[in-house]
Amino acid sequence: MHLNLGFILGLTSLATAAFSTTTRERDIVNHRPTRPPSYPLAVRNPYLSTWMPSDQVQTLPYAEPQFWAGQSLTWSIMARVDGQAYSLMSITNPGDRIRPAIVRTAEYTATHSVFTLSAGRVIFTLDFFSPISPSNYLRHSLPFSYLTVSVSEANSNDIQIYTSIDGRWAGREQNTARSFHRDGSTLAYALKVKDAVPYTEQSDMATWGEAILSSQRTSQSKLSFSSGKRGEVRSQFVNHGKLSGKDDTWVPGEIVAFAHDLGAVSGNHSVNFAVGYVREKAINYLGKPYTGYYRAEYPDTYKALSHFFEDYPAAALESDIVDSVMELQAKNVGGTKYADIVSLSARQAWGGLDLTIPNDSLDADDVLAFVKELSSNGNLNTVDVIMPALPIYYVMDPDYIRLLLEPMMRYLAAGRWQQPYVIHDMGAHYPNAIGHDDQKAEPMPIEECGNLMVLVLAYVRATGDKAWADQYIHHLRKYADYLVENSIDIELQLSSNDAAGPLANETNLAIKAAVGLKAFGELSGLTEYSRIGEERAELFFTQGLGTDEGKSHFVLQYPNEPASWKTPYNLFPDVLLNLETFPREAYQMGDTFFKGVRAEYGVALDNRQDWAKSDWNMWLAGTFGDKTTRREFIHDLWAYMSNGKHNWPFSDRYIATSAQGNEPGRPVLCRARPTVGGHFALVALQGPKCLQAAVARELEDAQKASEIVREDL
């Protein structure tokens, strides 16, 4: 099918007006394995998080990618075939001399988003690759992402490839400065805000670092570069297939660009580019700057970039294994649709996190991880954000549970938080992990105390590292005592779902407290806490304080609210860690009950709401013994994810039912949150490190096979 310019622009207007997709548009692009709300392009940390809304994919040659919060970014890609220029992505107002390529397919895996386009008789592939390698701290912490542009079906065609970005990547386009750098064969442009204040943001974008565009010279192509006015730089490429190498005086609004001249190409060929955002002082932890872990080995940004390019073959090999292992394990426990869900969730879950070391000493033994509460209030290391994301850490590298909790545990151990319950977060807004010496963190007493017990036990069970927990056992016991004293007659307080408002005597919080007490008993060896946890479970289930009279379900609030209900997702850690705080019958209630309250897109959070939480629903699905009910929860989430009604990075909160007059299947407020790590709950039931171990085995086998081939050669 060939599309003329007018028709494509018409589709663009239609996509802007509504997020629905017509049958004709669906015929244009084949989305595999399904159509997601938005495709992750470069997603490595809270400040390098670039996406392509799926409703713009059919007009990709004109479409602008977006930062996770919704701001448009220039990331233009062109190709030139036998003197004719084609737009491949984000060439707005292309003029008469640039033709749009035709988008054929769009595909995502856990680590890649891949688009194929035809430009005349030549096929181009855009491969946006963000490595997920949590056990390889160097690879995982590098703040760069790959763009590989590949050529296929070329028949002695003369081909050049171009990409550019602008100052919007720096967080504030005005008052930007440009610089150019070389490290051997690696060339890079850096864009930064002049006189930026450290640790400051604008609309969730960092403003104190440097946006990077880079590529490497190779023996198979000629690399050129230029910066300046958008139209003039593009014209250099359109007219000559190369860039001038000149950098005029920089004016905000201009672009920086690289171009590869491949010459005559027959068959297949590819070139690599990199985009990134570098913050030397990445995190303010209690007044001390922490920087990216990679700087322990590569303190110079451009040497780190050179390593990033040189690491591409190894990173790509590992990513293929991550993609296939994750898909296989997800299919085995939840089917094809579940594999689609977790594959889309992976980059987003890891992309909310920074892995850091002290900026002064670059001590690689002092590693701390920090996660941003994206899309709500920007809190830092929120305990009830770490908690829902637990399953992905549990299966891919449980050390991250410790790395994320350690900043808080040091703070609590220092006595700077004086409340009798666990602090909600380590800072009101990322990247300032400065605690709350004013004692005014959002209060979620039972929520965070229960979370901490479960998280620490999950870490110890998964790693065998009891020594780390033992050094904080005195503080943990204090918070366990809070649960003992305050988790029957529960005062008015918030749970993790603060948008639902505070409740007194919320059953799901009482469940969390019971499981948390059993977890602390297991962790500490103090059996009285385990006994109290089991007694609380007996009170709320066996004696019926937290259920309706017929024991068909747990109620939202006790006592005397028999018709109320809430998804009791806090049962999941009891199942995951095999604590047996609650009897099997407590879980079996949900097998039947939730079939009866299921709506157009599944089950809402509770009987008061029309919105659901995807992470908690996957947690709850993990407690079901009935595989039919579990499958329904998976299918409902998949239907929401792929319905074409929205274009945000995977929102974990969405309208599930039309009962209150809202359109079901649309997201609510939340974009790109790392809590989608909770979608891995069903995988986590296969055991700690199940993905990590399988990837390590296959990677070792692949490396051995490669060595054998080299020896044979």
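Axes are lines fitted to C-alpha atoms, for helices over the stretch in contact, and angles between their N-to-C directions run from 0 to 180 degrees. The exercises below concern a predicted model.

**Exercise 1.** Determine how helix 12 and helix 14 are arranged relative to each other.

*Solution.* Step one: helix 12 spans residues 473–486, and its axis lies 11 Å from that of helix 14, at an angle of about 30°. Step two: angles under 35 degrees count as roughly parallel, so helix 12 is roughly parallel to helix 14. Step three: the crossing of these two helices is left-handed. Step four: on the helix 12 side, the contact involves Arg477, Ala480, Asp481, Leu483 and Val484, which meet Glu528, Tyr529, Ile532 and Arg536 of helix 14.

**Exercise 2.** Identify the buried residues of helix 16 and elements that cover them.

*Solution.* Within helix 16 (residues 584–596), the buried residues include Ala586, Tyr587, Met589 and Gly590, and also Asp591, Phe593 and Phe594. Their cover includes helix 14 (527–542), helix 15 (572–576), helix 17 (614–621) and helix 18 (627–641).

**Exercise 3.** Describe the sheet of 5 strands and the packing of helix 9 on it.

*Solution.* Step one: the sheet is open, with mixed pairing and the order 22-21-20-19-23. Step two: strand 22 (368–371) and strand 23 (432–433) form the edges, each pairing on one side only. Step three: strand 21 (residues 353–358) pairs with strand 22 in the antiparallel sense over 4 bridges; Leu353 has Val371 of strand 22 as its bridge partner. Step four: helix 9 (residues 399–413) packs on this sheet, touching strands 19, 20, 21 and 22, and its direction makes about 90° with that of strand 22.

Technical notes: Residues numbered from 1 in each chain as written. Predicted model: local features only at pLDDT ≥ 70, side-chain atom pairs only at ≥ 80, totals over all residues. Heavy atoms only, no water. Buried < 20%, exposed > 50% of the residue type's maximum accessible area, 1.4 Å probe, protein only. Contact = heavy atoms within 4.5 Å. Pairing = 2+ DSSP bridges. Parallel < 35°, antiparallel > 145°, perpendicular 65-115°, else oblique. Left-handed = near helix turned anticlockwise from the far one by under 90°.
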